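Dear colleague,

Please find below the structure that I am handing over to you.

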Amino acid sequence: METAQIKRSLGFKAVDELVRSGMKLGLGTGSTAIEAVRRLGERVREGSLRDIKAVATSFQTVVACQELGLSLMSLNDPAIDGCLDLTIDGADEVDPRWMLIKGGGAAMLIEKIVAHASRDFCIIVDSSKLVSRLGEKARVPVELVPEALIPVRRSLEALGGQPELRMARMKVGPVITDHGNFVLDVRFPQDFEPRQMEREIMAIPGVMAHGIFTRPVTDLLVGWPDGRIEHRRGPPGI
Ligand code: 5RP
């Protein structure tokens with residue numbers, strides 16, 4: 001089965017199995033998460049899901065919701081009050097403990113805030129995202145204020161990383177995030193302990209967010225090339 005079809009099935013299944021009327025939802029970013037947003041739009045339009053209060057994690061998701069006619073709220077809205085029932089999002093890597101690298105779409109700042117505000121955190125990935133250790137294939141994205149580029153780069157090198165400034169494709173110069181920041185994509189050739197690396201990167205002045213996610217994933221949906229969608233409930237059995 002083609003990857004695009006696997007992503008559609010993942011988004012469909014996550015919404016149909018986990019979302020109920022009246023829920024407060026976090027809506028993720030990326031080509032897989034957006035399939036869940038599309039399914040949510042369909043279900044709300046047909047009336048089989050009602051009274052959904054949703055918070056977006058990026059401009060990509062905001063625009064998709066506008067096109068689908070889905071209303072959005074902020075985490076600070078009194079109706080949300082900083083707490084969500086469930087967030088559905090994608091990931092770039094998932095390790096055997098279900099720790100994640102995210103931020104391929106440079107949205108990790110709000111993705112992390114929304115994930116931490118959620119009781120349940122559902123990750124939807126095709127099987128190519130499963131790795132034996134974080135950093136096996138993906139680089140760790142680090143969002144930083146532009147003024148801190150050189151000192152942050154040096155600090156990441158001191159942690160053993162090889163940072164590279166993410167460049168824009170349809171604009172000259174670097175990628176600018178939804179919050180006006182730069183992104184350094186950091187290759188870590190050596191193994192690292194995710195919780196420790198998470199703390200060390202966040203301690204660098206100028207860093208706004210990074211893509212190592214260690215909060216517990218409650219539901220992991222994996223799409224396989226034969227079309228099977230496997231729904232694993234956390235915690236992982238290792
Ligand atoms: C965006 C993300 C995405 O969820 C992650 O990059 C996966 O994207 P895709 O589903 O397109 O592979 O973290 O910041």
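The largest cavity of this predicted model is lined by Val 15, Val 19, Leu 25, Gly 26, Leu 27, Gly 28, Ala 33, Ala 36, Val 37, Leu 40 and Ile 88. Its volume is about 60 Å³, and the structure holds 1 cavity of 30 Å³ or more. Two elements, β1 (24–27) and α2, each give two or more residues to this lining. The greatest share comes from α2, which supplies 4 residues.

The axes of helix α2 (residues 33–46) and helix α3 (residues 59–68) come within 10 Å and cross at roughly 25 degrees. Because angles under 35 degrees count as roughly parallel, α2 is described as roughly parallel to α3. The crossing in which α2 passes α3 is right-handed.

Which residues make the contact? From α2 they are Ile 34, Val 37, Arg 38 and Arg 45, and from α3 they are Gln 60, Thr 61, Ala 64, Cys 65 and Leu 68. The residues of this contact comprise 5 nonpolar, 2 polar and 2 charged. Please note Val 37 in particular: this residue lines the largest cavity and also takes part in the contact of α2 with α3.

Yours sincerely

Definitions and conventions: Residues numbered from 1 in each chain as written. Predicted model: local features only at pLDDT ≥ 70, side-chain atom pairs only at ≥ 80, totals over all residues. Heavy atoms only, no water. Axes fitted to C-alpha atoms, helices over the stretch in contact; angles between N-to-C directions. Parallel < 35°, antiparallel > 145°, perpendicular 65-115°, else oblique. Left-handed = near helix turned anticlockwise from the far one by under 90°. Contact = heavy atoms within 4.5 Å. Nonpolar A, V, L, I, M, F, W, Y, C, P; charged D, E, K, R; others polar. 1 Å grid on protein atoms, 1.4 Å probe; cavity = no way out; pocket = protein on both sides within 12 Å on 5 of 7 lines; lining within 4 Å. Points joined across faces, edges and corners; volume = space filled by probe spheres on them.
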